[in-house]
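Have the structure open while you read.

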Amino acid sequence: MNRLTSWVRPQYAMPMRIAGGVLTVVGALMAWATFIFNSGAYPGKATLQYFDAPFALTDFRLHIALLGIAVLVVGFAPLAGRNRILRGLGWGVIAMAVVHLGFMIDEGGGLGAVTAADSVAFGGVVTLIGGLVVVLAAAGGGIEEPVHLPTRMPRYAAWPALLVCFAALLLLVSYTLTAGGQGGVANPYSGPLFLSFVGFAGGIMAALHGAGVLPWISRLSEEHRAFSIVVLLACALALPFTDAGTEYWMTVAANIGVYAATAIGLNVVVGLTGLLDLGYVAFLGIGAFVAANLSGAAAAQFDVQLPFPLAALVAAVVAGIFGAIVGSPTLRVRGDYLAIVTLAFGEIFVRSAQNDIGGLTNGSNAIPGVPPVTLFGKGFNEPLTIGSAKLPSGVLYYFMIVLLVALVMAVFANLKNSRIGRAWVAIREDEDVARAMGIRTGQAKILAFMVGATLAGLAGAVFAHKLSTVSYESFKFLESVTLLAAVILGGMASIPGAVLGASLLFVLPEKLREFSEWRLLLFGLALILIMRFRPQGLVPDKHRRAELVGEDAEGKSLDEADVGQVHLPDLGPTTKEAT
Amino acid sequence: VAVEVHVTTLFQQIANGIVLGAVIGLIALGYTMVYGIIQLINFAHGEVFMVGAYGGLATYTYVLPEQFRDDWQIALPAALVGAVVISVVTAVIMERFAYRPLRGGPRLAPLITALGVSVFLMELVRLKYPDAKAPLPFPSLFVDGALRIPVPGGGDVVLTWIKVLLVVLAVVLAVALQMYVNRSRMGRAMRATAQDADTAKLMGVNPDRVIVLTFVLGAALAGVGGVLYGAYQNTINVDMGFQNGIFAFTAAVLGGIGSLRGAVIGAFCIGLIKTLGGQYLPGGTKYDYVWIFVVLILVLVFRPEGLFGEPEKVRA
């Protein structure tokens, strides 16, 4: 890329911008697929045969045209950070073109699906070239310093601004979740449509980041913290009232929530304290099995039915105790040896659960029939009617899980900025120095394991009631890898990162029927590529990440940070001490 | 009579343990060499073993002409060569593109990468090798029949000839490797790099070559192990690498990671723990894996330098 961009002189940048934008728009106006594929006509009226009204853009072609027009507008407007914006838009175009081209070539069985000598079905190729030209033009024009928008404004201006931003975020989440619809045989193109929407949204986000808007929102919400938290929580609770408010999407969102909560718990151990835990999903399992056994299910070992909050508490405590046991070797074992010890504990848990140890797990028969949580006599799996709004079943679980994630986030954020949190970060950075500074490293490390395990145990209790069946199969080693991939993909020690990572890794299988098969392969590949090219993850934590990124590399690579980047002068007093 | 049966069972389980130990040993040598030189737990090494077994099977199924399949003097070497080639190529690619770019960086990053490589290879074989989603049958590749060793009390310990070959070959290869590392010029370079990479570099050792050689040797042994494992189990599956890889890592740690002799002795210990533990400890074969993990934890916590290793220097 760098070698390529060195050819592009600044004086070529303007014509290239225009050319790229025009190519993108023209590409969107052309047909993309030359014939009807076996799975049916390609969406967006992109098949040549249906292509009678080129200007009646729908679906993904509309999105691409919008990006192209945005490129042209930004290209002429003297905006600050113009090339950064263009670069984001260009990558968005490229991502969308690649997704659709890839699927068409795969479906149509070759390049003939997207090109034909006697027709104009070159849309994808033209768009791809357009996107590449835009990115090159942006690089040739010289990437500017990050734009810094002032946040000093009165409350009556800041609060509505934040309100609008978070409402937009809510809509974005809702659109993303429903984009392409539910995957499966009946809807073969949900995968490409979803991925292309992610590409579109990603392009817009990158452009907004380039324009300094996202960092500005991040700083503004930091300054009006309490207000932001309330609004964000309200937005999350408002999701069922949008298009995503169907039973299916509520279930998906709730599942994501459970794993996001678990991933944040794992983040305490891996992200904050720098201890690699390869058996973490066992704590989710312990919490789930404890809750299932106390739920009054027919296969439960104990013939009691505790109310859910009590059962969840017991599950969390038991998981926490096991966390302390698993964490105790940290007193003597460090680094990669510790990772192997946790792996061994995880395997012992799976083996024991598979063999129905003590009659607690019911072996390969699993514990079915865990009753749903009830509150005031209302089962959480029933639909809900608030006033005139009819909400689908599963929505109560969604509400509960949103609150759980909020609770876990609150615990994490407060711990991170507390004395013990700074001790953890110190241990992560250099354990010997931390000890020399008077931190009781042994206690702190065991506490990290305990806190992480407790949070996972809590999530496990919800998991048991939500799924109503608890089987050892859900807690195998590869699930630990998936959670770890979620944490690493999102960015270690970063809360939005863990949520984003968990969302990506658990939404994709719902959207792409091909993906569920390729899931683990791609996770493996993602781990390799992230460690190689972006060890700080998609949404990096603002603290220095010496454990994974060298100190020298840090300043440079964090410059590319997308969201949550806070510039040095804005660092609060607590974060300064921790850095 | 009961006691006699008991004695036979005991000896049979010991024999089984030694066979398993030979397989684990072939993998453990690779673990211990790589760790000794670049302090990396090459988590994906078990997968190299698995890939080797599939490479051997592919050579047998798709490359070897039909008429030679029953002729073990041709089929076995062919499968072994195919396995070694595939394993070595896999390991070299892995080293070049996954591990080398991270060398000299923080310690956790390569471990996570290794995890990724492991999952990636496992899934790649599962999805791309024909019918690999289910366990695949594996040819016997060696003379039929079994060695019968009478034991005191009247019974016989039965070992198929392929198992005998496996144990013999494992010991021979381990000894050969030990001699190569101790006597040859490249072996000296390896030991020098393991002791102090920077000084070795100053003495004219090319660390990249030494590291690649280490991966190649480990992968070749793992490939041999994969084929022989498949031949005596008569079936292979994509999980075999993960499982046996963990056993091998345990063996390498038990023997003292970095020590070749330790890895082999540790491997036989682990083999015996698994078979004897499955036979005599509570829970039976359902829990035999658990004992190995228990041993792993105990060794790592209480004697991380293992039986033959040097006491650890300060680890970051």
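## Where A:Phe37 sits

First, a word on naming: helices here are DSSP runs of H or I with at least four residues, and they are numbered from the N terminus. The model itself is a predicted one. With that naming, A:Phe37 turns up in the loop between α2 (10-29) and α3 (59-76) of chain A.

Is A:Phe37 buried or exposed? Buried means under 20% relative accessible area, and A:Phe37 is at 4%, so this residue counts as buried. Setting aside neighbours within four places in sequence, A:Phe37 touches A:Tyr42, A:Met104, A:Glu107, A:Gly108, A:Ala113 and A:Tyr189. For a sense of scale, take A:Glu347: 310 residues from A:Phe37 in sequence, and 45 Å away in space, C-alpha to C-alpha.

## Aromatic pairs

Rings next. Over all chains, the structure has 20 aromatic pairs. One of them joins A:Phe463 and A:Phe475, a tilted pair with 5.7 Å centre to centre and 55 degrees between the planes. This pair ties together distant parts of the chain: A:Phe463 belongs to helix α17 (residues 441-467) of chain A, while A:Phe475 is in the loop between α17 and α18 (477-490), 12 residues apart.

Over in chain B, B:Tyr229 and B:Tyr232 make an edge-to-face pair, 5.8 Å centre to centre with 80 degrees between the planes. The two are about one helical turn from each other because they sit 3 residues apart in helix α8 (residues 207-233) of chain B. B:Tyr229 is buried at a relative accessible area of 11%, and B:Tyr232 is buried at 14%.

## Charges over a ring

Which residues put a charge over B:Tyr289? One is A:Arg351, lying over the face of the ring at 3.9 Å from the ring centre. Another is B:Lys274, whose charged end sits over the B:Tyr289 ring, 5.2 Å from its centre.

## Two packed helices

Back in chain A, helix α11 (residues 281-293) packs with helix α12 (residues 308-327) at an angle of about 145 degrees, and their axes are 8 Å apart. The crossing of α11(A) past α12(A) is right-handed.

From α11(A), the contact takes in A:Phe283, A:Ile286, A:Gly287, A:Val290 and A:Ala291. Facing them from α12(A) are A:Val314, A:Ala315, A:Val318, A:Ala319, A:Phe322, A:Gly323 and A:Val326. By type, the contact residues come out as 10 nonpolar, 2 polar and no charged.

Terms used: Residues are numbered from 1 along each chain as its sequence is written. Chains are lettered from A and ligands numbered from 1 in the order in which they are written. This is a predicted model: local features need pLDDT of at least 70, side-chain atom pairs count only at pLDDT 80 or more; totals for chains, interfaces and linings use all residues. Side-chain values use heavy atoms; hydrogens and water are left out. Rings of Phe, Tyr and Trp (its six-membered ring) pair if their centres lie within 6.5 Å; planes under 30 degrees apart count as stacked, over 60 as edge-to-face and the rest as tilted. Buried means under 20% relative accessible area, exposed over 50%, partly exposed in between (1.4 Å probe, protein chains only). A charge sits over a ring if NZ of Lys or CZ of Arg is within 6 Å of the ring centre and within 35 degrees of the ring normal. Axes are lines fitted to C-alpha atoms, for helices over the stretch in contact, and angles run from 0 to 180 degrees between N-to-C directions. A crossing is left-handed if the near helix is turned anticlockwise from the far one by less than a right angle, and right-handed if clockwise. Contact means heavy atoms within 4.5 Å. Ala, Val, Leu, Ile, Met, Phe, Trp, Tyr, Cys and Pro count as nonpolar, Asp, Glu, Lys and Arg as charged, and the others, Gly among them, as polar.
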